[in-house]
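Colleague: I would like to learn how to read this model feature by feature, beginning with the ligand and moving on to the loops. Could we take each idea in general and then look at the case at hand?

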Amino acid sequence: MLSNQTNDGGKRTSLHGHWSSRMAFILAVTGSAVGLGNIWKFPYIAGQNGGGAFVLVYLLCVVLIGMPVMMSEILIGRRGRRNPVATMQLLGKEEGSTGAWKWVGVIGVLAGILILSYYSVVAGWVLTYVVKSVTGTFTGQSAEVVSAVFNQFTGSWKSVVAAHTIFMALTVFVVARGVERGLEQAVRFMVPALLLLMLALLGYAISTGHFMEGVAFMFTPDWGKLGWNSVLAALGQAFFTLSIGMGAVMAYGAYLPEETSITGASAAVVVADTSIAILAGLVIFPLVFANNLSPAEGPGLVFHTLPLAFGQMSGGVLFSTVFFVLLSFAAWTSALGLVEPAVAWLVEHFHKTRAQAAVIIGTLIWFIGLGSALSFNVLGDVRFLNGTIFDNVDYVTSNVMLPVGGLLIVVFAGWIMCRNSTAEELGSAGTLYRIWRVLARYLAPIGILMVLGKAVGLF
Ligand code: TRP
């Protein structure tokens, strides 16, 4: 059907072009991984789940489950060279199973849409905080005032919806411009800059005199406090922060040149992503303790702590502005990854142009996101299952859809694909390959199943 997708000599090419280099791919995946998940979500989830034990379980999940799932996703993507739905369908048949594997891709497309619907709302808060920073809102303010600013802002549905709208428009704009020109340029400088700024903030956190309290909170495990729900939250956070379990990395893998090492690229992404999350925790918890705030504050945590710190340091207006600008970029590059599966699918399956696909998907996401935007104000009293609409979309995507998607992906790579196919993609049948295969066939699937089962009380 599509001439440049036919199988010439066993190698397919992607319809959307390719990354210009190995570094471009690593940057793009890192750009999708590093986002609000690291700086906004990780500290507040860790805080809500009691710190120490949660953080250690999270790290185990990243290494033992996240890493093999990420490698599986990339190798599947590169082998299929299409959008996640078509890739899963094609490889399902090619590997002697069934085209029904396409449903893994479909769940992923939906998960991406749902995640971005609330992600965009929080990204809107970040954009708003750029403006608040520039205008010196936080200079010299007390913890009470800083918290009141946040509550007042999120309590106004107009402000939250407006910010959500602006963020979605920015996302649609870059997605419409396409793979090479759009995605690559946006990620080049952001991750190193963010890392540097976090290091500077770390210096400030140390100067508060409460640094060791923060460290103790994050790394002293109190296993008694850790229920299966917290373990599930740790697993969900590992999937969320690495952008895996929904085909995003698979979609990016489709544009990956043959010669790039999937293991090396995955390791680079995992290290960069985890470092930023841990750094964020090390910055935020000392501030929490220095100002008598609660670590279990919830989604507002970062917005209550960091502006307070910025308001007290010299040059705070500048630091604060730069920080929220960088975080906006981080959220932006993540948003691109979240819509990529849906957009690539519309383009390939329904023959839309990239621009049309971006507008259609963007509008849909904007609309769904209204539910989350209003969760902090007019719909604040609508509560079911885990809380507000916002809480539920977050919970279902991270703790159900991503782990289930990841389970199916890793089972597909470990059990359905033949050894030759995966060995070919991973570049050798050496020790690293064998470790990946054991994790992908046994440890990761059993781990995910156990956590899901235990958390819902199945056994
Ligand atoms: N990893 C992103 C973050 O930490 C969020 C995210 C989850 C994501 N799944 C994704 C981003 C898929 C891109 C693609 O902020």
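Colleague: Where does the ligand sit?

Modeller: On a 1 Å grid over the protein atoms alone, a cavity is a set of points where a 1.4 Å probe fits but cannot get out, and a molecule sits in a cavity if more than half of its atoms lie within 2 Å of its grid points. Here the ligand sits in the largest cavity. Please keep in mind that this is a predicted model, in which local features need pLDDT of at least 70 and side-chain atom pairs count only at pLDDT 80 or more, while totals for chains, interfaces and linings use all residues. Residues are numbered from 1 along each chain as its sequence is written, and side-chain values use heavy atoms, with hydrogens and water left out.

Colleague: Which residues come nearest to the ligand, and which helices each supply at least two residues of the shell around the ligand?

Modeller: A residue is near a molecule if one of its heavy atoms lies within 4 Å of it. Of the 15 residues around the ligand, the nearest are Ala33, Gly37, Tyr119, Phe240 and Ser243. Helices are DSSP runs (H or I, at least four residues), numbered from the N terminus, and those that each supply at least two shell residues are H1 (22–33), H2 (36–48), H11 (228–242) and H15 (316–350).

Colleague: Which polar side-chain or backbone atoms lie by the oxygen and nitrogen atoms of the ligand?

Modeller: A polar contact is a pair of N or O atoms within 3.5 Å; within protein, one must be able to donate a hydrogen and the other to accept it, and residues adjacent in sequence count only if both atoms are side-chain atoms. A polar side-chain atom of Tyr119 lies 2.4 Å from a ligand oxygen, a polar backbone atom of Leu36 is 3.1 Å from an oxygen atom of the ligand, and a backbone N or O atom of Phe240 is 2.7 Å from a ligand nitrogen. The ligand taken alone exposes 360 Å², of which the protein buries 100%, with areas from the Shrake-Rupley method and a 1.4 Å probe, and with only the protein chains shown counting as cover for residues.

Colleague: Is Asn377 buried or exposed, and what does the side chain of Asn377 reach?

Modeller: Buried means under 20% relative accessible area, exposed over 50%, and partly exposed in between (1.4 Å probe, protein chains only). Asn377, in the loop between helix H16 (354–373) and helix H17 (389–416), is buried because its relative accessible area is 15%. Its side chain reaches the backbone oxygen of Ala373 at 3.3 Å, and a polar atom of that side chain also lies 2.8 Å from the backbone oxygen of Thr154.

Colleague: Which value of phi does Asn292 have, and what is phi near in Leu385?

Modeller: Most residues other than glycine have a negative phi. Asn292, in the loop between helix H13 (262–290) and helix H14 (301–312), has a positive phi of about 55 degrees, and counts as exposed because its relative accessibility is 73%. Leu385, in the loop between H16 and H17, has a positive phi near 40 degrees and, at 80% relative accessibility, counts as exposed.

Colleague: How many disulfides does a search of the whole structure find?

Modeller: A disulfide is a pair of cysteine sulfur atoms within 2.5 Å, and the search of the whole structure finds zero. Cys61 counts as buried because its relative accessibility is 7%, whereas Cys418, at 38%, counts as partly exposed.

How values were computed
1 Å grid on protein atoms, 1.4 Å probe; cavity = no way out; pocket = protein on both sides within 12 Å on 5 of 7 lines; lining within 4 Å.
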